[in-house]
Amino acid sequence: LEQDFVIGLSILLRGTVHEKLSWAFNLYDINKDGYITKEEMLAIMKSIYDMMGRYTYPIVREDAPFEHVEKFFQKMDKNQDGVVTIEEFLETCQKDENIMNSMQLFENVI
């Protein structure tokens, strides 16, 4: 597990855009079947909001993770089949200025 963390950190800091995005996709693809489902995304989002929620003001609303997932799928699920593939994920992220800017943040850390 510690090795996975170090590898993940290394990719975020030193990897190519493609490597960083692939790492992010794999984080959401819990069962590693090559698709992100709404259930997988919601599980991750709930975990993130649970961790962050205690430290935010105003307090995060109960339905915030669900709304986040809905927005994610509206943007990413190009063929509207209910799952996001790595191709859809990579294509959408690379066209999104905000996502690409946040990728640069990691490079400026070290």
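**Reading salt bridges in a predicted chain**

Buried residues (under 20% relative accessible area, with a 1.4 Å probe and protein chains only) make up 33% of the 110 residues in the chain.

Biologist: Before we start, what kind of model is this?

Modeller: This is a predicted model, where local features need pLDDT of at least 70, side-chain atom pairs count only at pLDDT 80 or more, and totals for chains, interfaces and linings use all residues. Residues are numbered from 1 along each chain as its sequence is written, and side-chain values use heavy atoms, leaving out hydrogens and water.

Biologist: How many salt bridges does the structure hold?

Modeller: Side chains of opposite charge can pair when their charged atoms come close. Here a salt bridge means a side-chain nitrogen of Lys or Arg within 4 Å of a carboxyl oxygen of Asp or Glu. The structure holds three.

Biologist: Which residue forms a salt bridge with Glu70?

Modeller: Lys38 does, with the closest N and O atoms 3.2 Å apart. Glu70 lies in helix α4 (residues 64-76) and Lys38 in helix α3 (residues 38-53), so the pair ties together parts 32 residues apart in sequence. Helices here are DSSP runs (H or I, at least four residues), numbered from the N terminus.

Biologist: And Asp96, is that residue buried or exposed?

Modeller: Asp96 counts as buried, at 12% relative accessibility. Lys75 is its salt-bridge partner, the closest N and O atoms being 2.5 Å apart.

Biologist: Where do Lys95 and Glu91 sit?

Modeller: Both are in helix α5, four residues apart, so about one helical turn separates them. Lys95 counts as exposed (over 50%) at 65% relative accessibility.

Methods:
Helix = DSSP H or I, 4+ residues; strand = E, 2+ residues; numbered from the N terminus.
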